[in-house]
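The following note sets out points for a colleague who has the model at hand. Please read each point beside the structure.

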Amino acid sequence: MSLKKFVDKNISIIMTVLAFASLLIVWELVSRFTKAGLFLPPASLILEKFILSFKEPIGKYTMLTHIGVSLYRVGVAFGLSTVFGIALGVSMGYSKLAEAILKPIFEFIRPIPPLAWIPMSILWFGLGDKSKFFIIFLGCFCFITVNTYEGTKNVDKTLIGAARMLGASERQVFFDIVLPSSVPYIFAGLQIAVTAGWSAVVGAEMVHSNEGVGWLIVMGMTYGKTVQIMVGMLAIGLVGFVLATGMAKLERRLCAWNNQGM
Amino acid sequence: MEDNRKDKVKVTHLTKKFDDLLVLDDISFTVKEGEFLCIVGPTGCGKTTFLNSLTKLYKPTSGEILINDEPVDLLRHNIAYIFQEYSTMPWLTVEENVGFGLDIKNIPKSEAKEKVNEYLQVVGLEKYRNYYPDQLSASMLQRVVIARAFATEPEVLLMDEPYGQLDIELRFRLEDELLKLWERNKTTVIFITHNIEEAVYLGERILVLTNKPTGIKKEIYNNIQRPRNIAAKDFVDLRNEVTDLIKWW
């Protein structure tokens with residue numbers, strides 16, 4: 001394959017690599033040769049510490065455990081918010097009565113940021129994992145609910161009419177038309193929610209914890225360890241990226257029909 | 001002309017009002033079993049309201065619609081409806097779309113599969129069975145919908161300007177395909193269109209509707225022999241007769 005063909009075929013990957021490489025080089029140069037270096041550790045140092053953190057513990061644990069614990073917290077909260085978010089979104093989208101009762105309450109709670117719930121979550125759930133689940137749950141829940149609601153609301157009426165004309169019962173209309181046609185919306189909500197949940201983990205791990213990537217940042221901030229803060233940020237960025245990419249792949253597989261077209 | 005077939009659909013004094021607006025005004029007619037009835041009328045005369053009232057998608061204000069002498073019930077009577085808009089389910093493949101009505105009616109899997117294969121072949125879409133609707137052209141989409149409707153072997157097939165969005169060549173092809181299926185299955189078809197040529201080409205009988213409030217202006221029997229030639233004198237004469245009836249210019 002000629003170089004031109006190779007470049008044409010892989011242009012988006014090449015551009016991504018070039019963009020990252022340029023960012024790292026600029027960052028490195030700025031932090032080493034300007035006064036900004038006082039507040040911004042060089043990229044190479046952060047990368048080195050990040051790699052080292054898989055062998056040498058930060059606090060009591062190595063990076064793998066920190067990531068694993070945070071993933072567990074996000075996983076549980078994300079799972080719960082998926083179940084409750086889809087249930088609430090579908091109810092509000094499909095039933096006018098449920099919409100009239102639940103939507104105003106939901107819209108009232110929605111703008112309150114998850115971090116604002118920290119004091120109440122400690123009061124209600126204590127200092128253990130439950131309060132962390134709760135904060136991450138709130139970070140994910142609204143996105144899933146809103147998207148599911150929109151998806152259920154926007155079902156093509158022609159399709160519902162067609163199904164009814166073929167003799168579909170209410171139950172069949174719901175399971176065979178409303179739910180499947182909402183799936184792309186639900187997936188869009190899940191993709192935003194998984195990133196939002198991973199972002200909320202920092203806030204959640206502010207609440208009395210000894211491990212987790214959020215804890216790395218909180219402790220780094222407490223003791224003025226800039227490198228540790230940035231190592232924690234790098235871990236969040238990388239894991240968030242992997243999760244979002246995984247979700248997008250899963251969506252392409254499960255909603256193949258939505259990604260076709262000649 | 002004497003028609004000995006038994007009555008399949010009986011519409012008596014069908015009236016539909018939206019608040020104070022009278023849309024359908026005391027319509028009565030009968031459709032025979034296996035008949036191909038075309039309904040034509042000026043654009044905006046309420047043809048779709050008429051069909052939607054017939055299927056109870058809209059509740060009639062008064063009047064009665066009977067199928068086999070029983071009040072129409074979508075769960076009991078096997079009715080299929082082909083809309084002007086494409087109504088394929090985008091998340092199902094062509095094959096699954098054709099089988100959708102059979103699944104809804106809980107037809108055993110093996111029987112459903114046979115029917116799906118049969119109708120995919122009739123509409124010439126076997127090669128595309130694993131495609132999704134997004135990958136198909138407009139005429140293919142409408143053929144999927146037609147196959148889906150015929151696969152359930154409906155007692156009554158309602159069609160609301162199904163070819164309204166297609167170009168003339170595709171329309172001719174699909175009209176012939178529809179006639180083949182109708183002759184093969186002896187389905188009772190009620191076909192609504194504003195295209196007079198289409199009505200004369202397809203129908204055994206044509207109901208000409210008036211402007212709003214919609215009523216029946218005239219009922220015309222169409223005995224032109226099939227296959228019909230759109231350039232033949234009898235065809236042109238009948239087309240002109242219907243055109244004169246709905247002329248508003």
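**Notes on the predicted model**

1. Helix 5 (residues 138-151) of chain B packs with helix 6 (residues 168-185) of chain B at an angle of about 10 degrees, and their axes lie 11 Å apart. Helix 5 of chain B is therefore roughly parallel to helix 6 of chain B; angles under 35 degrees count as roughly parallel, over 145 as roughly antiparallel, 65 to 115 as roughly perpendicular and the rest as oblique. Axes are lines fitted to C-alpha atoms, for helices over the stretch in contact, with angles from 0 to 180 degrees between N-to-C directions. Helices (H or I, at least four residues) and strands (E, at least two) are DSSP runs numbered from the N terminus.

2. This is a predicted model, in which local features need pLDDT of at least 70 and side-chain atom pairs count only at pLDDT 80 or more, while totals for chains, interfaces and linings use all residues. Residues are numbered from 1 along each chain as its sequence is written, chains are lettered from A and ligands numbered from 1 in the order in which they are written, and side-chain values use heavy atoms, with hydrogens and water left out.

3. Which residues form the contact between these two helices of chain B? From helix 5 of chain B come Ser139(B), Gln142(B), Arg143(B), Ile146(B) and Phe150(B). Their partners in helix 6 of chain B include Leu170(B), Leu174(B), Glu177(B) and Trp182(B). Contact means heavy atoms within 4.5 Å. By class, this contact of helix 5 with helix 6 of chain B has seven nonpolar, three polar and three charged residues. Ala, Val, Leu, Ile, Met, Phe, Trp, Tyr, Cys and Pro count as nonpolar, Asp, Glu, Lys and Arg as charged, and the others, Gly among them, as polar.

4. The structure holds two cavities of 30 Å³ or more. A cavity is a set of points, on a 1 Å grid over the protein atoms alone, where a 1.4 Å probe fits but cannot get out; lining residues have an atom within 4 Å of a point. The largest cavity has about 50 Å³ of space. Its lining comprises Val9(B), Leu54(B), Thr55(B), Ile65(B), Ile67(B), Ile79(B), Val156(B) and Leu158(B). Strand 4 (62-67) and strand 7 (156-160) of chain B are the elements that give two or more residues to this lining. By class, the lining has seven nonpolar, one polar and no charged residues.

5. The second largest cavity has about 30 Å³ of space. Ala162(A), Leu166(A), Tyr81(B), Val145(B), Arg148(B) and Ala149(B) line this cavity. Helix 5 of chain B gives the largest share of the lining, three residues.

6. Some backbone geometry deserves a check. Most residues other than glycine have a negative phi, and most peptide bonds are trans. The peptide bond from Arg226(B) to Pro227(B) is cis, with omega near -5 degrees; Pro227(B) is in the loop between strand 10 (216-221) and helix 8 (233-246) of chain B. His13(B), in strand 1 (residues 7-18) of chain B, has a positive phi of about 50 degrees although it is not a glycine. His13(B) is partly exposed, with a relative accessible area of 48%; buried means under 20%, exposed over 50%, and partly exposed in between (1.4 Å probe, protein chains only). Asp26(B), in strand 2 (residues 21-32) of chain B, has a positive phi near 50 degrees and is partly exposed at 42% relative accessibility.

Definitions and conventions
1 Å grid on protein atoms, 1.4 Å probe; cavity = no way out; pocket = protein on both sides within 12 Å on 5 of 7 lines; lining within 4 Å. Points joined across faces, edges and corners; volume = space filled by probe spheres on them.
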